[in-house]
Amino acid sequence: MFSKLSKQKSVTTLSLLIGSTLCLLAGVGISGAIDHLQGGDRAATAASAPAPAVSQGLPDFATLAKRVGPSVVNVSTTQVRKAAADTPSPFDSDDPMSQFWQRFFGGRMPRGGSQRQTGLGSGFIIDRNGTILTNYHVVDGAQKISVTLSDGKTYDAKVIGKDQKTDIAVIKIDAGQDLPAVTFGDSDRLEVGEWVMAIGNPFGLDHTVTSGIVSAKGRQIGQGPYDNFIQTDASINPGNSGGPLINLRGEVVGITTAIYSQSGGNIGIGFAIPTNSVKELLPQLKDKGRVVRGYLGTTVQKITPEIADSMGLKQQRGALVADVMRGSPAERAGIKTGDIITEFNSKEVKDSAELPALVARVAPGTTAPIKVLRDGKEISFPITVGEMKDTEVATAGEEGDLGLAVQPLTPEVAQSMGLNRAEGLVITEVKPGSAADDAGLREGDVITEVNRRPVKTLGDYNREMARSNKGQSVLFLVRRGDSSVFLALKR
């Protein structure tokens with residue numbers, strides 16, 4: 001399973017698996033909660049990068065470790081959380097302490113109160129003044145943060161900026177002296193198969209050095225709309241969160257963040273945030289403490305082969321607009337549901353996953369050109385980008401592909417479902433294993449369009465279904481909750 005690198009207990013390590021497979025590499029915590037990997041950076045790239053460290057044709061990792069190691073730090077966090085009154089006691093009936101309490105005081109041990117939790121992660125120094133880069137999940141909710149340098153000296157740290165969407169945080173210490181800072185490399189130049197090295201604090205073992213290669217680039221692992229991870233087989237484990245991934249030039253090209261694991265330990269599939277995704281955010285994190293992103297107000301989804309076929313598209317290219325939020329920049333600009341965004345701000349949009357990052361990079365208030373494919377015709381117009389709030393994220397909608405029963409959405413049914421509009425047909429049953437089930441249609445979905453034509457009655461629905469022949473794709477637009485999504489299936 002994917003999970004952020006976890007925190008460790010002081011005696012034993014517990015790994016809470018997030019989702020089914022993603023472990024965020026935060027470190028070791030008394031609570032046993034899983035956290036992400038921890039790390040740091042220097043804003044300027046060296047004018048001329050040193051030659052790769054090579055000895056007899058093989059990488060000289062010893063030289064790299066000596067060069068970069070002093071810039072890597074351990075990050076320790078402390079949290080005090082109030083335990084819920086109904087939280088089970090950590091002592092069961094066979095525990096001596098529980099038996100003692102029952103014998104002398106009667107009943108079970110009291111529950112609740114405050115619990116002190118600690119966690120460990122990694123980080124790296126990005127300027128000589130003590131600015132450190134690490135993961136957001138490493139310091140999230142911490143009441144106290146301590147940083148230990150490679151020489152063993154420990155300092156209190158404070159958070160000066162953090163961004164949950166990209167899982168990065170900037171913290172600072174006052175060491176009273178210049179500190180060794182890392183050099184950022186160009187993560188876009190990484191090649192699959194290239195040697196890399198990781199330094200971090202796995203399971204509290206400070207300054208552990210591991211090596212491997214770049215296994216893949218541009219990985220999307222379901223952590224959010226800005227997924228763009230480097231995959232590596234360099235051994236990284238809980239506690240590595242926030243540590244640097246280093247190329248053979250001694251440059252930091254990634255921030256180790258998560259692993260794919262069923263046990264919580266390393267199996268050779270780790271993920272790092274590319275430094276090029278971080279460098280452009282650092283000025284905002286240092287100056288404002290947060291990241292201000294551009295916002296369109298659209299929900300977009302991937303164009304599947306079935307959707308492409310049903311829409312008569314020759315290519316599966318662009319981002320399909322499934323929903324346009326009311327009052328959003330997209331609505332004001334004239335973007336419509338069913339448009340396919342093929343270009344934004346003069347940059348091609350090949351896939352729906354690319355659009356959120358392109359929009360986020362544009363400053364709010366900026367007017368940018370956008371190009372969409374609408375009813376087979378490509379049109380261009382300007383759009384003024386808004387500012388994304390914490391709850392506004394352009395996401396990739398669900399994909400999908402008959403075995404379904406529908407009925408008119410009457411005002412009574414709409415009211416019982418908590419819907420504001422009684423328009424369309426509500427799906428009352430989806431047969432397991434059917435084409436509708438395979439396509440992702442669900443009971444409670446409201447069908448508003450079939451093959452890009454509005455359906456308000458059963459007559460509308462049957463007429464549109466009759467237009468498609470067996471073997472052809474049928475394109476549904478369904479309203480699910482507060483959003484809409486296109487789903488295509490073959491008859």
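In β20, which residue is the bridge partner of Ala-319?

Analyst: The partner of Ala-319 is Ile-341 of β20. The model is a predicted one, with a mean pLDDT of 79 for the protein and 76% of residues at 70 or more.

The bridge between Ala-319 and Ile-341 belongs to the pairing of β20 with strand β19 (residues 319-324), which is antiparallel and comprises 2 bridges. Strand β22 (residues 367-374) also runs antiparallel to β20, joined to it by 4 bridges. Within β22, Ile-370 stands opposite Phe-344.

Phe-344 also stands opposite Lys-347, a residue of β21. Strand β21 (residues 347-348) pairs with β20 in the antiparallel sense over 2 bridges. These two strands form a hairpin with 2 residues between them. In the turn, Asn-345 has a positive phi of about 50°.

The nonpolar packing may be considered next. The largest nonpolar core has 27 residues, of which Phe-124, Leu-133 and Ile-168 touch the most other members. Apart from that core lies another, of 20 residues, and Ile-341 is among them, as are Leu-355, Ala-368 and Ile-383. In soluble globular proteins, nonpolar side chains tend to be buried together.

Terms used
Residues numbered from 1 in each chain as written. Predicted model: local features only at pLDDT ≥ 70, side-chain atom pairs only at ≥ 80, totals over all residues. Heavy atoms only, no water. pLDDT = per-residue confidence, 0-100. Core = buried A, V, L, I, M, F, W, Y, C linked by side-chain atoms within 4.5 Å. Buried < 20%, exposed > 50% of the residue type's maximum accessible area, 1.4 Å probe, protein only. Pairing = 2+ DSSP bridges.
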